[in-house]
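Subject: Structure for your review

Dear colleague,

Please find below the structure that I am handing over to you. My findings follow it.

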Amino acid sequence: MARRLVRISALLTLPIAISVVLVSVFTRAGTHVLFTIGPFDATVEGVDFAAQTLVRLFAISTSIGLFGLTTDPRSFVLDLERRGLSPRFAFVAAATLESVPAMVERASVIASAQRARGLDTEGSIRARLRGLLPLAAPVILSSLTEVEERSLALEVRAFGKPGKRHLLWRMPDSRTQLAVRALLLLLLFLAIGARLTGTLPSIL
Amino acid sequence: MLQLTGASYRYAGYRNEVLHEIDLRLDDGEIVGLVGPNEAGKSTLCLVASGLAPASIGGSLRGELTIDGQHTAGLSTHELAERVVVGFQNPNTQRSGIAATVFEEVALGPMNLGLEVAETVERTREAIALLRLEGIIRRDPTRLSGGQSQLVGIASLLAMRPSHVILDEPTAQLDPAGTRLVGEALRSLAATGTSLLIAEHKTDLLDGLCSRIVAIDGGRIVMDGPPATVFDDPRLVEIGVEPPSRSRLSRALSGGGFDPSVVTDALRAAS
């Protein structure tokens with residue numbers, strides 16, 4: 001679990017991290033120059049700023065990754081609805097969370113079907129790029145068709161009816177969980193307070 | 001009673017109408033089979049008879065749809081859903097995508113109607129029992145076979161307890177046992193006074209189930225009558241619909257100089 005979490009966080013952080021490091025290290029004004037590449041100076045201040053930003057980014061992506069790994073999206077959304085979220089918004093949130101694995105599965109089926117028709121999807125980079133369009137077009141078009149049919153099927157089941165829905169179940173919520181949540185909230189406020197008063201250094 | 005009178009429909013953005021002057025009436029408790037070749041307009045007729053076209057998907061409708069004596073023009077889709085439901089061919093698009101179990105999936109419709117939990121659970125259990133889905137109620141709806149998904153889709157509609165049910169190829173992904181199961185469930189439903197319109201290519205299912213068959217071709221109703229009359233009509237083959245095995249056997253026997261009524265009567269008695 002921990003290894004998976006680190007991997008997910010690293011993957012989430014990586015694209016932004018690369019640009020942050022490049023921009024911060026080479027464009028941040030500073031007095032201590034480490035080395036120079038062409039017109040760009042890499043400064044100690046730039047490295048310091050990049051490191052602080054990376055820590056923040058990693059903390060955010062780890063929180064998102066931990067949430068994704070420990071929470072069933074459907075349970076989460078239904079519980080939010082029980083707590084007052086609009087059913088329409090709950091559906092949009094759930095559908096968004098569900099759409100990624102569904103699209104990956106559809107893409108895999110379409111790729112298999114296209115391979116059976118002789119499309120080269122595993123050769124050189126050029127061959128893979130050539131095969132991208134015959135894969136992407138059916139994935140996008142079938143997704144759009146499915147969205148329309150699914151919205152019709154939901155309307156048939158009175159999804160658009162206004163008013164409160166009586167949900168079938170409630171998530172188990174023990175006293176321990178409640179206490180931990182309260183404690184975390186308290187820590188959050190304490191951290192914000194400490195940060196604002198300067199008790200904590202800016203890295204936190 | 002659900003009635004279409006002089007209904008002609010054109011999809012939004014299209015110049016030509018795909019349904020022409022359709023007159024169709026479903027009496028309470030009646031099961032009507034809808035047959036026709038591909039592109040004949042069966043699915044469009046299902047959408048128009050359910051009110052989804054034009055209420056939800058747009059387009060323009062000439063003529064009128066009345067449900068239990070009430071004109072449907074101006075009714076919202078959720079108001080229509082309390083009277084008539086329609087099931088589509090692809091079971092994957094019938095799934096809400098927000099239910100964690102089959103039970104919750106089936107319960108979604110009654111829940112949307114704002115019913116109390118006890119009523120929702122009762123309707124859900126009833127629909128599940130009707131399609132014998134008790135063994136999979138805890139399963140993830142996204143991890144079912146095509147046939148199971150189709151049965152869950154039908155159960156989800158039946159749990160709404162509508163007065164009228166329209167099904168577009170409800171057994172497309174079902175094996176013979178599943179097809180028979182759906183047939184039995186629909187027969188039980190009709191016995192409670194619900195009217196059904198079933199668009200199907202499996203004419204054997206319709207032959208044993210329906211009290212009336214409507215054949216459609218090129219967006220027009222070309223035949224409307226009792227199953228024996230429509231299925232034995234040679235024009236059915238001409239428009240590209242395969243008659244049920246009973247009709248084909250009867251025709252083969254007649255061609256061989258035998259009396260087909262003996263065999264068909266025996267088949268009817270057996271079924």
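In what follows, a helix axis is a line fitted to C-alpha atoms over the stretch in contact, and an angle between two axes runs from 0 to 180 degrees between N-to-C directions. Please bear in mind that this is a predicted model.

Chain A

The secondary structure of chain A consists of 6 helices and 2 strands. Read from the N terminus, the order of these elements is α-β-β-α-α-α-α-α. Chain A is more spread out than a compact globule, because its radius of gyration is 24 Å, well over the 17 Å that the globule rule gives for 204 residues. The C-alpha trace of chain A spans about 65 × 55 × 30 Å along its principal axes. As for burial, 12% of the 204 residues of chain A count as buried. Among the contacts in chain A with a separation of 6 or more, 51% come from residues 24 or more positions apart.

Helix packing in chain A

The residues in the contact of α1(A) with α2(A) comprise 18 nonpolar, 8 polar and 1 charged.

In the second pair, helix α4 (residues 87–116) of chain A and helix α5 (residues 125–156) of chain A have their axes 9 Å apart and pack at an angle of about 130 degrees. The helices α4(A) and α5(A) are therefore oblique to each other. The crossing of α4(A) with α5(A) is right-handed. On the side of α4(A), the contact is made by Met103(A), Arg106(A), Ala107(A), Ile110(A), Ala111(A) and Gln114(A). The residues of α5(A) that take part are Pro134(A), Leu135(A), Pro138(A), Val139(A), Ser142(A) and Ser143(A). By class, the contact of α4(A) with α5(A) has 8 nonpolar, 3 polar and 1 charged residues.

Contact between chains A and B

In the interface, 32 residues of chain B are in contact with 27 residues of chain A. On the side of chain B that touches chain A, the elements that give two or more residues are α3 (77–81), β6 (84–87), α4 (91–94), α5 (102–112) and α6 (117–130) of chain B. Of these, α5(B) gives the most, with 6 residues. This side of chain B has 15 nonpolar, 14 polar and 3 charged residues.

With kind regards

Technical notes
Residues numbered from 1 in each chain as written. Chains lettered and ligands numbered in written order. Predicted model: local features only at pLDDT ≥ 70, side-chain atom pairs only at ≥ 80, totals over all residues. Nonpolar A, V, L, I, M, F, W, Y, C, P; charged D, E, K, R; others polar. Contact = placed C-beta atoms within 7 Å. Helix = DSSP H or I, 4+ residues; strand = E, 2+ residues; numbered from the N terminus. Rg over C-alpha atoms; globule rule 2.2 N^0.38 Å. Buried ≥ 20, exposed ≤ 12 C-beta atoms within 10 Å, placed from the backbone. Parallel < 35°, antiparallel > 145°, perpendicular 65-115°, else oblique. Left-handed = near helix turned anticlockwise from the far one by under 90°.
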